[in-house]
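Dear colleague,

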2 protein chains.
Amino acid sequence: MLFLIENDGMGSLTEENYIKSVYSLSQATGEVIVSELAKKLQVKPPTVNSMMKKLALKKWVVYAPYKGIKVTEKGKKEALSIIRRHRLAELFLVNVMKLGWEEVHDIAEQLEHVESNRFYDRIDEMLGYPKFDPHGEPIPDVNGKILNDKRIPLNQAKENVTVKIVAVADDKKSFLDHLNDKGLKIGEKVLVKRKEAYDGSVVLVSKAKVELMITHQVAERILVEE
Amino acid sequence: MLFLIENDGMGSLTEENYIKSVYSLSQATGEVIVSELAKKLQVKPPTVNSMMKKLALKKWVVYAPYKGIKVTEKGKKEALSIIRRHRLAELFLVNVMKLGWEEVHDIAEQLEHVESNRFYDRIDEMLGYPKFDPHGEPIPDVNGKILNDKRIPLNQAKENVTVKIVAVADDKKSFLDHLNDKGLKIGEKVLVKRKEAYDGSVVLVSKAKVELMITHQVAERILVEE
DNA sequence: TTAAAATGTTAGACGTATCTAACAAATTAA
DNA sequence: TTAATTTGTTAGATACGTCTAACATTTTAA
């Protein structure tokens, strides 16, 4: 007789990594294709193919041959739970352990798989139930609720729309100094005048009707909402 | 063409767990037998057998059929590095994260496999380069050096030898209260008069020439040295 | 609109870590 | 000292996560 391990809702470390990637890569268009996943996870397409069959059986994704992969509600819940742990870990490493924000990702990638609610609840508590991680990404709560889903990096905002700067996804002094030079700060409203296809730079008009240009590199580190 | 992963000194998570157990179980007699390991690691003997062949190939252990398993210097170094991470993690969970010492073991069991020197160096630093974990176990330094290798639980001390109490491996109030009742405290010297084979209890003679008996359960939580 | 290119799937293999069943050696006890 | 018991090993199987090679479908471009 043979009893399956992991018959409960849990996923193996590998499955956790897959659903996390499926979720984030499908955020933009609602689905993700095999080759994209393979690239992200550094495996070959057949590996993704067989894992998707497995996750489809678990009802974490919807997957039909030659069609894109979609996350189910169940899969979304899994993904958000891992993303929550990842982002809490990152913030903990930066705020409590005083590691640099550029070096915490790989460690958080490992910590996110630690199986212990106590551990994460304490981190959450020590951090004061934070809503955003050090990169400005929102942290889902225990129920997978994300506060303010609508934040997007400035480079993804539409042209001719006025947006409000709500956070920056970089807390290095040089970056913040640069924003000050441009006269940009949190709370400020700006009109996205033009996005250059060639180099991804963005032309803004500030409240004071001053036109200014920022590079793609800077734009993607400024989080805005409409 | 096939390139082996882990051709360097690193071990898989599984190998790490095996060498750690081999090391600790062989501490007392210098070696450990297959069935003991199987019990500790919750696997069947053939699994241990094949893993020992593998670790012998890596020169982490010395292993001949039907003979006990011995750790090599290389294996010891591996084991100590994992034990160091485990004990640092435990102390961090208790001192910094304020978790109870009875609940940190399972979390530390997971954290010990986190691959990041930065992470452990910061923990070490935050804790002030501690020498002992919350259970009184010594923490090896980065080079595997253990301060005071000679501490043993009282129940392992020889009869008719005077030993000094140097630490307790339990910080629960009820336990410490019990020691106070018996008049035992850290720094105290006691003579091990007799160890009862039947129930493992130990009869001591204190400095004040008072004879007292402590149970096995208590004796194994008192750390002494000659 | 059809041929070429890109993308996806199937089949079969492999290494890791595990198991059970059968057998072998060592230890213990009669 | 030999038989019983305990302990250890071998052989062969399985699940997982991965691969390559061959084939299938879809998309793109001529």
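The notes below take up the DNA surface, the chain contact and some strand pairing.

Please bear in mind that this is a predicted model, in which local features need pLDDT of at least 70 and side-chain atom pairs count only at pLDDT 80 or more, while totals for chains, interfaces and linings use all residues. Residues are numbered from 1 along each chain as its sequence is written, and chains are lettered from A and ligands numbered from 1 in the order in which they are written.

DNA strand C is surrounded by 18 residues, where a residue is near a strand if its C-beta atom, placed from the backbone, lies within 6 Å of it; A:Ile33 and B:Ser12 are among the closest. At least two residues each come from α2 (34-41) and α3 (45-57) of chain A and from α1 (13-26) and α3 (45-57) of chain B, with helices being DSSP runs of H or I, at least four residues, and strands runs of E, at least two, numbered from the N terminus. The largest share, 4 residues, belongs to α3(B).

The contact between the chains takes 13 residues from chain A and 13 residues from chain B, counting C-beta atoms, placed from the backbone, that lie within 7 Å. On the side of chain B that touches chain A, α5 (105-111) and α6 (117-126) of chain B give two or more residues, and α5(B) gives the most, with 4 residues.

In chain B, β4 (residues 162-168) pairs antiparallel with β5 (residues 189-195) over 3 bridges, pairing requiring at least two DSSP bridges, and B:Thr162 has B:Leu191 as its bridge partner. β4(B) is also joined to β8 (residues 222-225) by 4 bridges, again antiparallel, with B:Val168 opposite B:Ile222.

Best regards

How values were computed
Two residues are in contact if their C-beta atoms, placed from the backbone, lie within 7 Å.
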